[in-house]
Amino acid sequence: MSNDCMYTSEEMAGLIDQTLLKPYATKQDLDAFCKESDRYGFKMVAIHSAPVKLCKAFLKDSKVLVGAAVGFPLGQTTLECKVKETELAIADGADEIDYVINIGRLRSGDTVYIEEEMRRIVKVCRAHEKTVKVIFENCYLTTEEKKTMCEIALRVRPDYIKTSTGFGTPIAGIGMSEADRLAAVGATLEDVRLMKSIVGNKIKVKAAGGIRRLEDALAMLDAGAERLGTSAGVKIIEALKSLKQ
């Protein structure tokens with residue numbers, strides 16, 4: 001890779017949602033994570049909704065935003081639960097909400113439910129002037145289902161649509177071979193390009209899942225992503241700093 005990358009380390013950090021979504025993260029882990037995220041200047045810390053208040057306190061003097069993952073990672077809670085979780089996370093100090101759609105409802109063809117889910121969660125976020133991102137979990141979806149989600153998003157207008165949780169388990173038989181499915185658990189360039197080709201500049205695209213190297217991050221941004229979700233933000237920024245030397 002050449003050293004003429006168009007992004008400075010500060011600019012790249014400002015595009016990264018640094019994640020800590022392990023179920024066993026302790027208070028000490030979260031404290032260290034927030035300190036590190038502040039030091040690197042990441043755009044947001046992506047955490048579960050339960051520790052939002054704690055992380056908001058850790059970052060009280062920081063520009064780093066706090067993001068809550070709602071209905072995470074399966075999306076299999078009721079609409080009322082997701083709405084309430086969103087409200088509670090915002091009350092605790094969340095600046096951004098990343099919620100997982102009800103994947104089973106989408107794959108059952110219940111697009112009315114999916115659109116209502118999106119509308120209600122977006123409405124709560126709009127009322128509180130918070131950023132909202134809709135997680136599709138593309139590894140479970142056919143190309144047509146991904147297109148349907150983009151079309152629903154164009155009607156509802158969340159701030160971002162997002163490729164993946166990073167926790168999806170690949171399955172075969174819904175539009176691609178098993179080998180291809182295994183390679184598509186997280187964000188793929190093809191998915192980012194597809195999503196961006198449909199929503200254009202009306203909605204932003206966040207790529208998440210499997211972005212572990214500077215090369216991955218640059219490729220996703222080049223494909224049209226405008227935010228990156230990763231637990232490897234430090235590694236990516238350090239690689240970029242080395243490249244610039």
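**A closed barrel and its surroundings**

Q: Which residue in S4 stands opposite Ala-68?

A: This is a predicted model, where local features need pLDDT of at least 70, side-chain atom pairs count only at pLDDT 80 or more, and totals for chains, interfaces and linings use all residues. Residues are numbered from 1 along each chain as its sequence is written, and side-chain values use heavy atoms, leaving out hydrogens and water. Strands (E, at least two residues) and helices (H or I, at least four) are DSSP runs numbered from the N terminus. Ala-68 has as its opposite in S4 the residue Ile-97.

Q: How many bridges join S3 to S4?

A: Two strands pair if DSSP finds at least two bridges between them. S3 and S4 run parallel, and the number of bridges joining them is four.

Q: What residue in S3 does Ile-47 stand opposite?

A: Strand S2 (residues 44-48) and strand S3 (residues 65-70) run parallel and are joined by five bridges. In S3, the residue opposite Ile-47 is Ala-68.

Q: What do the eight strands S1 to S8 form?

A: Strands of a sheet pair through backbone hydrogen bonds, either parallel or antiparallel. Here the order is S1-S2-S3-S4-S5-S6-S7-S8 and the pairing is parallel, giving a closed barrel.

Q: Which residues of S4 point the other way from Glu-96, Asp-98 and Val-100?

A: Buried means under 20% relative accessible area, exposed over 50%, and partly exposed in between (1.4 Å probe, protein chains only). Strand S4 (residues 96-100) has five of its five residues buried. Glu-96, Asp-98 and Val-100 point one way, and the other way point Ile-97 and Tyr-99.

Q: How many of the 10 residues of H10 are buried?

A: Helix H10 (residues 214-223) is mostly covered. Its buried residues include Leu-214, Ala-217 and Leu-221. Among the elements that cover them are H9, S7 and strand S8 (227-230), with contact meaning heavy atoms within 4.5 Å. The number of buried residues in H10 is seven.

Q: Which residue follows H10?

A: Phi is positive here, near 125 degrees. The residue after H10 is Gly-224.

Q: Why does Lys-196 count as buried?

A: Lys-196 is found in helix H9. Residues that Lys-196 touches include Asn-201, Val-205, Ala-223 and Gly-224. Lys-196 counts as buried because of its relative accessibility, 16%.

Q: How far apart are the C-alpha atoms of Lys-196 and Ile-161?

A: Along the chain, Lys-196 and Ile-161 are 35 residues apart. The separation of their C-alpha atoms is 9.3 Å.

Q: Which element gives the largest share of the lining of the largest pocket?

A: On a 1 Å grid over the protein atoms alone, a cavity is a set of points where a 1.4 Å probe fits but cannot get out, while a pocket is an open set with protein on both sides within 12 Å along at least five of seven lines; lining residues have an atom within 4 Å of a point. The largest pocket is lined by 45 residues, with Thr-19, Gly-209, Gly-210, Thr-230 and Ser-231 nearest its centre. Elements giving two or more lining residues include S2, S3, S7 and S8. The largest share, four residues, comes from H10.

Terms used:
Lists of a residue's contacts leave out its neighbours within four places in sequence.
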